[in-house]
Amino acid sequence: MCRGVYWGFRGRDMAKLVMTEDETMLADSARGFLDSEAPVKALRDLRDAGKTHDAALWKKMADMGWAGVLVPESAGGSDMGSAAANVLAHEMGKTLVVSPFLSTAVIAATALRQVSDARAEAALAKIATGDVTYALAVDEGSKFDPNAVQMTAKADGNGFRLSGKKQFVVDGGLADRLLVLARTDNGLSLFDIPADRAGVTRDASNMIDDRDAARITFEDVEATGEDLLGTVDQAMDVLRPALQAGQAALAAEMSGLTAGAFGMTVGYLKERKQFGIEIGRFQALQHRAAHLWCEIEVTASAILHAGRMLDHDPENAALAVSLAKARATATAQLAVQEGVQMHGGIGMTDAFDMGFYMKRARVGAEWLGDYSYHAEQVAALRGF
Amino acid sequence: MSGNQTVEAFRAELRGWLEENCPQEMRDGGMSEDAICWGGTQWTFSSPAQKDWLERAAAKGYTVPTWPVEYGGAGLNRDEEKVFHEEMARINARSPLQSFGIWMLGPALLHFGTHEQKLHYLPPIARGEIRWCQGYSEPGAGSDLASVQTKGEDQGDHWLVNGQKIWTSYADKADWIFALIRTDKDAPKHKGISFLLIDMNDPGVETRPIKMISGISPFCETFFSDVKVPKHQIVGEENRGWDVAKYLLTHEREMISAGGAGLSGGGRALGAILAESAGEEGLTDATLRADAMRCEIDALAIGLTLERYKDQSEAGQGAGDASAMLKYMGTELNKQRHELLMNAGGSDALEWDGPLGNRAGDWLRTKANSIEGGTSEVMLSIVSRRVLGLPG
């Protein structure tokens with residue numbers, strides 16, 4: 001029974017939970033571009049060619065302003081905000097587009113904008129033009145946990161010496177630069193260094209989703225004060241907003257891949273015949289598909305809300321972001337599992353695209369915090 | 001003034017009014033069943049404060065804040081409505097009045113009723129003077145609601161109604177009933193139903209409460225024997241009652257789902273409630289804690305979905321068959337929440353009126369959530385056909 005008590009989750013000046021006209025137009029134009037330039041077949045072709053990156057595609061995306069979506073106009077970006085970045089990520093997710101969008105245009109750009117100096121401004125300008133790519137190196141174990149970082153950055157004269165190992169550095173095999181989280185004397189610090197600096201060894205990981213990731217070893221790598229992003233021992237001032245923007249955009253990408261997998265599945269239910277009728281006539285399958293649609297709708301709200309919070313009230317966005325990433329993870333995993341099951345044997349074949357969706361969903365689930373990690377964040381923020 | 005200034009001016013005015021008019025005793029959230037004020041001619045106020053609060057709120061139109069002023073509301077727009085609920089929640093105010101008249105019949109009358117009907121029926125609902133119940137289900141018409149058999153024979157200036165309804169919530173306490181009556185037995189089942197308003201005091205109307213597994217009897221059987229219903233007591237056109245019924249059902253489903261999303265808890269986290277009831281050591285049961293986290297995540301996201309659909313409908317973007325989805329997700333969640341509350345309570349939750357009050361009764365009551373107003377399975381079938389376009 002309704003007790004008639006409304007509970008105001010959002011601040012009252014918050015933009016509404018409706019796609020704006022600009023956002024709808026952005027989604028439509030992105031879809032048009034990606035359908036011709038980056039359908040799922042593009043991923044398959046890259047995989048078959050043994051590649052994990054398409055530099056020409058990224059250049060075209062940069063020319064369309066996507067690389068600069070979070071770069072200030074002063075540095076040549078379009079500064080459209082997180083909700084717009086999420087719209088792009090969602091569209092990319094639908095066809096499993098391979099690009100360094102999240103690592104570079106979302107995470108690195110957000111980190112760099114927290115620092116106001118000429119060097120950061122120059123780096124942002126290069127991001128906007130697509131002339132530099134970044135990867136974020138945080139994880140050291142099999143689970144995301146920035147606070148568990150053991151890699152050290154020992155003070156050495158005016159600079160530091162970095163030593164340690166990172167894994168699951170997404171886009172880290174090919175990125176031009178690395179954002180590296182390391183332990184300094186009294187906390188964590190974030191460094192922005194070129195990936196080819198002496199002492200950095202990159203070992204490309206052979207990932208199930210056919211995307212770029214690497215295990216990286218740092219042996220006594222020199223870093224100057226210039227390479228420090230933000231204040232020493234205060235990495236989280238810079239990293240937290242970057243992680244939140246990345247987590248929200250990843251959630252949006254996963255909702256896109258969910259939509260892609262779901263669309264294929266519902267289409268198949270309408271076409272495939274067994275026992276002389278379309279399998280979509282069977283109530284057992286109808287109800288499973290309907291349940292999945294309900295989960296997708298609920299997750300969409302959490303993602304839209306996260307974008308609004310990041311754009312309008314970033315200081316208080318943590319709950320919204322973890323909610324979005326947790327929901328997107330759970331829904332994507334359900335969508336790909338149902339997708340394979342409802343397709344039957346053909347869903348298990350490499351020739352069919354569903355497997356690509358399943359594998360990307362698995363990687364997305366782990367990146368930047370899995371369901372458990374974000375559920376713990378929600379629990380802490382909700383007082384239990 | 002800009003829109004925002006107007007809204008903030010309204011907030012300031014409302015805050016002052018609430019400060020002056022909402023009795024202290026009515027600022028406890030009022031979540032328990034006996035804290036609710038249902039109104040009606042049989043209503044006994046639980047305290048003078050409950051009576052004062054209803055009368056003062058009704059005089060301002062605040063029992064039905066979004067209804068037009070001429071029908072007993074305050075005519076608030078969506079932004080003002082949000083402010084209204086925020087300010088009510090801020091002082092933990094009880095809702096001054098709740099009823100099926102407000103949640104269900106009111107919206108249907110506002111949409112399908114004539115001006116005269118609105119003037120006649122809505123203000124007494126807003127003032128809590130007349131309490132309504134819903135005559136939909138029948139022994140042979142549950143999920144297949146459109147197969148109702150209670151018939152109304154055309155007698156010129158009235159219909160002669162005969163038949164039986166079941167699961168009529170609070171029929172024994174209601175003054176009037178809105179009912180689906182078959183007025184054309186030869187038409188296809190959806191096309192022969194009329195939406196009639198019937199006075200429960202009319203000769204031939206009888207109610208019998210049904211004792212439920214929760215120990216209480218909120219539901220009744222309602223019998224009609226040669227009940228004369230004047231022709232002007234129809235909402236919408238003759239034999240087009242299914243349109244009204246469907247419209248009303250979407251409101252009922254949204255109402256039920258709002259309860260399930262935990263919005264009724266004033267935004268309190270389930271985990272926090274569980275931790276509190278677990279005592280000083282907090283929520284240490286790892287399995288229960290994990291279940292509570294999942295539930296909390298879903299509750300927050302469903303709450304946001306309610307918000308999103310309201311924003312969409314205000315922006316003129318059709319939300320399709322959102323009510324079926326919200327009803328399904330909200331009620332399934334509510335059942336889970338109450339399962340967790342029972343788990344957390346352990347054997348303390350197993351006694352009627354035991355150390356945890358009516359926790360067991362509340363838990364049992366939630367089992368009806370996914371049945372009443374359309375079962376979860378019916379909701380999924382609606383989504384499957386109308387949203388996904390899967391073949392019937």
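Begin at the place where the two chains meet: select the residues in contact (C-beta atoms, placed from the backbone, within 7 Å), and the selection takes 51 residues from chain B and 42 residues from chain A. What you have open is a predicted model, in which local features need pLDDT of at least 70 and side-chain atom pairs count only at pLDDT 80 or more, while totals for chains, interfaces and linings use all residues. Residues are numbered from 1 along each chain as its sequence is written, and chains are lettered from A, with ligands numbered from 1, in the order in which they are written.

Stay on chain B and colour the elements that give two or more residues to the side touching chain A: helix H3 (78–90), helix H6 (241–260), helix H7 (270–277), helix H8 (286–314), helix H9 (322–345) and helix H11 (376–387). Of these, H8(B) supplies the largest share, 15 residues. Helices here are DSSP runs of H or I with at least four residues, strands are runs of E with at least two, and both are numbered from the N terminus.

Switch to chain A, with its 11 helices and 10 strands. Its C-alpha atoms fill a box of roughly 80 × 55 × 40 Å along the principal axes, and 54% of its 384 residues are buried. Colour chain A by pLDDT, the predictor's confidence in each residue from 0 to 100: the mean is 95, and 96% of the residues reach 70 or more. Over residues 1–13 of chain A, however, the pLDDT is below 50, although this stretch has 32 contacts in the model beyond near neighbours in sequence.

Finally, select helix H1 (residues 21–37) and helix H4 (residues 82–94) of chain A, whose axes come within 9 Å and cross at roughly 30°. The residues making the contact include A:Leu26, A:Ala30 and A:Leu34 of H1(A), and A:Ala84, A:Val87 and A:Leu88 of H4(A).

Key: Buried ≥ 20, exposed ≤ 12 C-beta atoms within 10 Å, placed from the backbone. Axes fitted to C-alpha atoms, helices over the stretch in contact; angles between N-to-C directions.
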